[in-house]
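Here is a short report on a structure. Keep the sequence and the 3D view side by side as you read.

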Amino acid sequence: MSDSAIFFLIQILNGIQEGLLLFLVASGLTLVFGIMGVINLAHGSFYMLGAYLAFALAQLTGNFFIAILLAVPLAIVFGLLLEALLFRPLYARDHLYQVLLTYGLILALEEVRSLVFGDDVHGVAVPRFLDFSIHLKGALSYPAYRLFMSVMCLAIAGGLWLMIQKTRLGMAIRAGSANREMVQSLGIDIAWVYRAVFALGVALAAFAGMIAAPVASVFPGMGNQILIISFVVVVIGGIGSIKGAFLGSLLIGLADTFGQVFAPELAGMTVYVLMAAVLLWRPAGLFGRNAAR
Amino acid sequence: MKPRASIEPVLLALALIALIVFPLLGAKFYLQLFAKIMIMAVFAMSLDLLVGYAGLVSFGHAAFYGIGAYMLWWLSPQYAAANFWLTLPAAMAAAALAALAIGLLVLRSSGVYFIMVTLAFAQMFFYFATGSKFFGGSDGVYVYVKPAAFLFDLDGAAHFYYLALAAMAGTYLLLRLLIGTLYGRALLGIKSNETRMRSLGYSTFGYKLAAFALAGSLAGLAGYLDAAQYGFVNPDLFGWRLSGLALMMVILGGMGTLYGPIIGAFVLVLLQDALSDATKHWLLPLGIFIILAVLFLPRGLSGLARRAEGPHG
């Protein structure tokens with residue numbers, strides 16, 4: 001292969017890796033919308049929480065993987081507390097109030113982060129046995145940790161698919177995203193499904209923040225950045241559709257990566273142009289059933 | 001509702017008189033603060049037209065605020081004053097045009113989609129301004145000389161205060177009159193049941209698009225005044241934080257009332273001012289305040305007043 005073909009391959013790998021990471025955040029967002037009917041602006045804060053937990057616990061324990069094993073349950077407990085205290089009263093209310101409450105929550109969480117960790121950018125070390133690059137050709141190589149990230153994300157996406165297709169909870173989730181009232185009237189404990197979906201969303205977003213920490217580092221505002229891109233993914237894929245979130249994430253990841261390579265000055269805009277195009281073509285998203293939800 | 005309808009103009013007239021005489025007693029600092037509040041009130045009222053009357057919850061209204069602000073910078077000669085009477089309409093027209101173009105796209109969606117799509121488009125402007133060398137990147141740009149208006153002097157705190165007051169009163173009157181027209185009634189009809197309006201033969205898309213463009217141009221007016229007041233324009237003016245703050249003013253004050261967003265602007269800007277004096281981490285108490293307000297004040301401050309008035313409200 002020529003150098004430029006390998007360069008191209010590296011960009012594709014980068015785009016897929018970015019997309020897969022995005023999928024972990026966007027899938028939770030789209031599930032929470034689709035099943036609970038809640039728009040959660042603070043979803044990005046769970047990503048941030050995960051990254052900062054990984055940073056703090058990795059320093060404390062000295063081991064990145066132990067840090068993750070401890071941080072995931074912590075993030076879930078935090079998410080369940082928020083669900084019980086703040087989100088439950090919102091289920092029956094207009095989207096407007098959900099937007100506002102979660103907007104207030106972002107402001108508060110961002111300041112708590114600033115109080116606890118300060119406003120500096122922190123790095124998290126890549127685990128030692130993954131801290132090498134795979135040599136491709138000439139000066140071109142690909143970091144092993146990024147490959148590891150992609151594999152982890154793919155494994156989780158596969159697990160999510162199995163869970164949704166094969167388990168009782170997955171059945172309730174599929175039914176709930178099709179018709180919430182019907183699920184309730186069939187005697188499925190919807191409050192339990194809500195809690196499980198919310199916890200799942202938190203765990204996915206926080207985990208994404210954790211494994212991204214060694215590559216993207218840990219910095220103020222990181223949650224909002226990924227939140228808005230996740231919105232774009234959900235709009236492109238269609239609300240409530242995991243399949244749509246997966247495809248949308250990969251599209252956005254690739255578009256963003258190639259945008260940065262070929263039009264650096266306009267790189268921030270590529271994903272929005274893509275979104276505008278999808279909106280023109282299919283206002284409900286690629287796999288959306290109904291734009292008026 | 002009936003007895004309130006007669007009180008409202010009286011209260012508003014009293015408030016207007018109080019604001020007119022205020023500069024006679026206020027210190028310069030308060031004139032600037034109040035001018036800022038009234039600019040935010042224009043912005044919040046323009047959003048109320050969308051949220052409270054057309055039922056369009058936009059989370060990206062700052063896009064048009066930012067356009068108004070950047071237009072003033074773009075149209076200003078570097079070391080001379082721009083002509084107020086030319087640049088203001090140009091800034092408002094630019095914001096309206098942008099709103100028209102974006103409205104054509106975003107109004108194809110509704111509900112939760114609409115919230116996300118408007119937010120995403122505003123972020124697009126944010127990233128464009130951040131990445132663009134011409135627009136000064138993330139550092140922003142400066143308007144060194146305030147626009148000249150010939151009749152009055154924008155450099156004087158009192159003059160600028162009255163300009164902001166005129167903008168606020170004018171916006172209120174314009175929107176109040178508009179809501180009384182058939183067009184305004186149709187908007188309310190669309191808010192309560194769009195399908196019904198469509199089956200009655202209304203082209204609801206056109207109605208919503210017109211409201212979106214008008215709200216955009218008024219947001220542009222507010223952004224223009226912001227840039228004229230502080231002489232500093234940066235990408236944060238496009239940001240989700242400003243959009244969210246405006247939404248909070250509308251909800252806290254009481255949406256669909258027009259005077260509610262004015263109250264919301266006063267409460268939130270004064271609160272912000274007091275908190276940021278007290279602590280560097282003022283966003284924490286502000287965030288907690290917003291969360292508590294949503295949980296415990298479901299109908300805003302004006303809803304609180306209505307409840308206090310008695311069960312007929």
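## A buried loop residue

L258(B) counts as buried because it has 25 C-beta neighbours inside 10 Å. A residue is buried if 20 or more other C-beta atoms lie within 10 Å of its own, exposed if 12 or fewer, and partly exposed in between, with C-beta atoms placed from the backbone. L258(B) sits in the loop between helix 10 and helix 11 of chain B. Its phi is positive, about 70°, although L258(B) is not a glycine.

M255(B) is found in that loop between helix 10 and helix 11 (259-278) too. M255(B) is buried, with 27 C-beta neighbours inside 10 Å. Between M255(B) and A44(B) there are 211 residues in sequence, yet their C-alpha atoms are 9.8 Å apart in space.

## How to read the model

This is a predicted model: local features need pLDDT of at least 70, side-chain atom pairs count only at pLDDT 80 or more, and totals for chains, interfaces and linings use all residues. Residues are numbered from 1 along each chain as its sequence is written, while chains are lettered from A and ligands numbered from 1 in the order in which they are written.

The score pLDDT is the predictor's confidence in each residue, from 0 to 100. Chain A averages 88, and 98% of the residues score at least 70. Within chain A, helix 2 (residues 43-61) has the highest confidence, at 94, and helix 7 (residues 180-185) the lowest, at a mean of 78. Helices (H or I, at least four residues) are DSSP runs, numbered from the N terminus.

## The nonpolar core

A nonpolar core is a set of buried Ala, Val, Leu, Ile, Met, Phe, Trp, Tyr and Cys residues joined through C-beta atoms within 7 Å. The largest one here has 204 residues. Those that touch the most other members are A51(A), A54(A), A206(A), V232(A), V42(B) and A120(B). Helix 2 (residues 28-53) of chain B gives the most to this core, 17 residues.

Which residues does A51(A) contact, leaving aside its neighbours within four places in sequence? They are G209(A), M210(A), A212(A), A213(A), V218(A) and M222(A). Two residues are in contact if their C-beta atoms, placed from the backbone, lie within 7 Å.

## Where the chains meet

The contact takes 40 residues from chain A and 36 residues from chain B. On the side of chain B that touches chain A, helix 5 (111-131), helix 10 (240-253) and helix 12 (283-296) each supply at least two residues. Helix 5 of chain B has the largest share, 15 residues.

By class, this side of chain B has 25 nonpolar, 10 polar and one charged residues. Ala, Val, Leu, Ile, Met, Phe, Trp, Tyr, Cys and Pro count as nonpolar, Asp, Glu, Lys and Arg as charged, and the others, Gly among them, as polar.

S217(A) lies in the loop between helix 8 (190-216) and helix 9 (222-237) of chain A. It is partly exposed, with 14 other C-beta atoms within 10 Å. Phi of S217(A) is near 60°, a positive value in a residue other than glycine.

T270(A) belongs to helix 11 (residues 270-281) of chain A. T270(A) is buried, with 21 C-beta neighbours inside 10 Å. Not counting residues up to four places away in sequence, T270(A) touches A255(A), D256(A) and G259(A).
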